[in-house]
Amino acid sequence: MAHTNRLIAGVDLRSQENNREHRTEEIDRKRLIVRRGQAFSLTVHLSDPLQSGHELALVLKQDKNNDDIVIRQRTAGGSGDKWWLHQQSARKELLLTVYSPARAAVGEYRLAVELMSGNRLLERTDFTKMYLLFNPWCKDDAVYFPDERLLEEYIMNENGRIFRGSADCMSGMPWNFGQFEDNVMDICFEILDRFKPARSDPPNDMRQRWDPVYISRAVVAMVNANDDGGVLVGKWQEPYTGGVQPTKWMSSVPILEKWSKSKSGVKYGQCWVFAAVACTVLRCLGIPTRCITNFESAHDTDGNLSIDRVYNIHGEKDDHADSIWNFHCWIESYMQREDLPEGYGGWQVLDPTPQERSSGMFRCGPCPLKAIKEGDLNVKFDVPFVFAEVNADIIDWEIRPDGQRKQLSSNSAKVGRNISTKSPYSNEREDITHQYKYQEGSAKEREVYNKAGRCISGPDGEEESKPANEPGKVQLEIKHAKPVFGTDFDIIFELENMGDEEVSCKLNMMSEAVTYNSVHLGWCQNSTVNVVIPAHKVHRETVRLLYTKYASCVSEHNIIRVIGVAEVSGQERSILEMVNIPLSKPKLSIKVPGWVILNRKTSTLISFTNPLPVPLNRGVFTVEGAGLLSTKEFRISGSIAPGQHVSLELSFTPMRAGVREFLVDFDSDRLQDVKGVATLVVRKTPPSYSSKCPVICG
């Protein structure tokens, strides 16, 4: 910023030093990126010493706000809710220490230095950009997080795990949040600028950008494309024409980059993709955020806090709006709630998956965890919907041949199981179910449920016909091992007669392919047997489910739902039992020989063996990693025969030091969503203590 014949010869933003102090150097070292409520420094170079009566001031502009922010020297210190600066002179240099309020609007600013004589402007430098983020390290910021150690996870960690599968078989999928990758911060501000209220009333939008409640609601509305050209288009089953299959994504970065270039919704996402992208945006903006998975997640469309499922005597489910998802992902962000009574701050549920509208837009939250746990449904925002997701009762109904509806069972403990997030100390799962509700089966849990206004009715609104409290004489249980996709496996239906007399029973055994959100895709194998069970004995029926039967209808989630319906002579109600079986995927092998050194080419070997009894076609490896390399695809020519081994050798040059994750995905026509991950330590220089090079495997 040099100017000939002017007193202000130049301004040094000290970006590298400031960004290091503000924990933003991972985003950029050249641009000034600081966090509110924390001081930063500028050096002003003068051609001559400052004359008596002259003073320097800073001017900040925001494009959508017509009011300039003028920052002047305060000799006795400034107010915590105002911008102010302190000035130190050293011959022809002035060190300006700038203090921002902890409630300043986040976003892009333009900054200039002015030379003033009283109220008269003598000189002004050209405007240059600076960026202001939330500051969870600052006690006066609404997003202040009390345990600074955990911010290494909830703000700084670009590598994550998102848990999927079923409540009885959970697995952590690696994800690259990439909040510090090139251009991501700029895209986050683009997202805020594209928010409908920001476009319709820019000054009012800018006045609210200090508030994490407002910002988080804007982000979860904009992450889905259902309103105003948001980031992701949702689709929950094939075909995924014109886009990317949701299970293929491993990173938020290519999604955000693609949206920024096209300004139209990226195809396609499902719940964990929506959640991961929102997590990236909020972490980048400086709001502590984590991804959550709720297993056996209820979608209560009629708001009665119960999920009504209706079956015929064959165990076939009638179409009904209520459903139970195998799992559902959302996020939590940490903030104080100045819009609510005291006590509702802390972790807040936010859900960008487009399910229901909130204030006219597809979004959910922020919803305080305390309100969910205590059943406080009148607290903002969307507590009834989230409460039902983790706490609804399930009512199973049967339609008899004469058209009558009979209640088969009710279950108050099946919804909201193993609510999970990544541990801040490892890649393992942390169970946080206790933060959402009291222990299932406890009097306190039922007390909260009733407080929330429990009102259970039948499918058409008739009063509930309660089943007998005593269990029937015959009990049904379905057992299975943990099968691998591509194999045949056994399912055991176990009928136990607990009575004193033998009974006859008709057992319907069915298996269907479903999506993770319970959409029926097709029947695999169905059979019926008539059995006689002696008193106090157990009868077992074993069904072998063949790969050739389920392969044609199973989705990319590889979930088989097994249903058993037992009609017992002399027992009024049928017995219905159901289990979801996720089929496990094969593993990828990743080997990285030698030390991984910053800005030095590194080689890696990726290998995969076809585990299926059929050939695989259109095979493709996708690789990426925050600070390592951008997303790249490598296609495999020809078919991969059963048992055939394929490998890919590639090189990359690490761009940032530290612990990094190298992610790989393999997809083909018959097998998708095969993931691999290798954890690498990128060093600035080779270690001097050992000449032996390691081989890193994943």
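Me: Before we start, what does buried mean here?
Reply: Buried means under 20% relative accessible area. Keep in mind that this is a predicted model.

Me: Thanks! So is Trp84 buried or exposed?
Reply: Trp84 counts as buried, because its relative accessibility is 13%.

Me: And what about Tyr99?
Reply: Tyr99 is partly exposed, with 28% relative accessible area.

Me: How are the rings of Trp84 and Tyr99 arranged, and why?
Reply: Happy to say! There are 25 aromatic pairs in the structure. In this one the ring centres of Trp84 and Tyr99 are 4.0 Å apart and the planes lie at 5°, so the pair is stacked.

Me: Where do those two sit in the chain?
Reply: Trp84 is in strand E6 (residues 84-90) and Tyr99 is in strand E7 (residues 93-99). They are 15 residues apart, so the pair links distant parts of the chain.

Me: Which residues do ring pairs link into a cluster?
Reply: That would be Trp272, Phe295, Trp325, Phe327 and Tyr516.

Me: Switching to charges, what sits over the ring of Phe177?
Reply: The charged end of Arg283 does, 4.8 Å from the ring centre. Elsewhere, Lys370 lies over the face of Tyr344, at 5.2 Å from the ring centre.

Me: New topic: which residues are buried in helix H12?
Reply: H12 spans residues 443-451, and Glu445, Val448 and Tyr449 are buried there. Those buried residues fall within an arc of 100° seen down the axis, so they line one face of the helix.

Me: What does the face turned away from the buried side carry?
Reply: Ala443 and Lys451, both exposed. Just after H12 comes Gly453, with a positive phi of about 95°.

Key. Residues numbered from 1 in each chain as written. Predicted model: local features only at pLDDT ≥ 70, side-chain atom pairs only at ≥ 80, totals over all residues. Heavy atoms only, no water. Phe/Tyr/Trp six-rings, centres within 6.5 Å; stacked < 30°, edge-to-face > 60°. Helix = DSSP H or I, 4+ residues; strand = E, 2+ residues; numbered from the N terminus. Buried < 20%, exposed > 50% of the residue type's maximum accessible area, 1.4 Å probe, protein only. Lys NZ or Arg CZ within 6 Å of the ring centre and 35° of its normal. Arc of directions from axis to C-beta.
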